[in-house]
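The stops below can be selected one after another.

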Amino acid sequence: LEAAASGVPILASNLGTLPDVVEDGITGMLFNPFDPADVAAKIRAFFSPGTDRQAISMAARRKFETEFTAEQAYENLTRIYNLAIKRKRGKV
C-alpha cells in the first residue's frame with residue numbers, strides 16, 4: 001500500500017489478499033510465486049516499450065486514494081465493528 005500511496009506500481013504474488021490490492025495489469029502486476037519464470041516475465045512486461053507505466057502508476061495512486069486511505073480504513077473498521085455488535089445482539 002505504501003507503494004501505491006506514492007504512485008508506484010506494485011509487483012506482487014497472487015497469493016493471499018494481495019490480489020485484492022493489486023489489479024493485474026492496471027495498478028501493478030501479479031505473479032505466481034512458485035514460478036520464477038512468471039516473475040521474470042512480469043518484470044520484462046512491465047519494462048517493455050508497449051507498457052504505459054505512467055498510467056499504471058496513476059491507477060495505483062487512484063486506487064489507494066479511493067480504497068486505502070486512513071479515512072477509508074476507519075470507515076471500514078467502524079462498519080465491521082457495528083456489524084459484529086449487531087450480530088452479538090442477534091439483530092443480523
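This is a predicted model. Start with Lys63, which lies in helix α4, residues 53–67. Is Lys63 buried or exposed? Its relative accessible area is 9%, and because buried means under 20%, Lys63 counts as buried.

Keep Lys63 selected and show its surroundings. Apart from neighbours within four places in sequence, Lys63 is in contact with Asp20, Val21, Glu23, Thr27 and Phe68. With one of these, Glu23, the Lys63 side chain makes a polar contact of 3.3 Å.

Lys63 and Glu67 form a salt bridge, with 3.5 Å between the closest N and O atoms. The two residues are four apart in helix α4, so about one helical turn separates them. Glu67 is partly exposed at 34% relative accessibility, whereas Lys63 is buried.

Move to Asp24 and Lys42. Their side chains meet in a salt bridge of 3.7 Å, N to O. This pair links distant parts of the chain, 18 residues apart: Asp24 sits in the loop between α2 (18–21) and β2 (28–31), and Lys42 in helix α3, residues 36–46. Asp24 is partly exposed at 44% relative accessible area, while Lys42, at 18%, counts as buried. The count of salt bridges in the model comes to four.

Now select the largest nonpolar core. Which residues make up this core? There are eight: Ala4, Ile10, Ala12, Val21, Val22, Leu30, Ala60 and Phe64. Two or more of the core residues come from each of β1 (10–13) and α4. Zoom in on Ala60: leaving aside neighbours within four places in sequence, Ala60 is in contact with Ala4, Val8, Pro9 and Thr27.

Finish at helix α5, residues 70–88. Its 19 residues reach 27 Å from first C-alpha to last, close to the 27 Å expected at 1.5 Å a residue. Just after α5, select Gly90, where phi is positive, at about 75°.

Note on methods:
Residues are numbered from 1 along each chain as its sequence is written. This is a predicted model: local features need pLDDT of at least 70, side-chain atom pairs count only at pLDDT 80 or more; totals for chains, interfaces and linings use all residues. Side-chain values use heavy atoms; hydrogens and water are left out. The expected span of a helix is 1.5 Å times one less than its number of residues. Buried means under 20% relative accessible area, exposed over 50%, partly exposed in between (1.4 Å probe, protein chains only). A polar contact is a pair of N or O atoms within 3.5 Å; within protein, one must be able to donate a hydrogen and the other to accept it, and residues adjacent in sequence count only if both atoms are side-chain atoms. Contact means heavy atoms within 4.5 Å. A nonpolar core is a set of buried Ala, Val, Leu, Ile, Met, Phe, Trp, Tyr and Cys residues joined through side-chain atoms within 4.5 Å.
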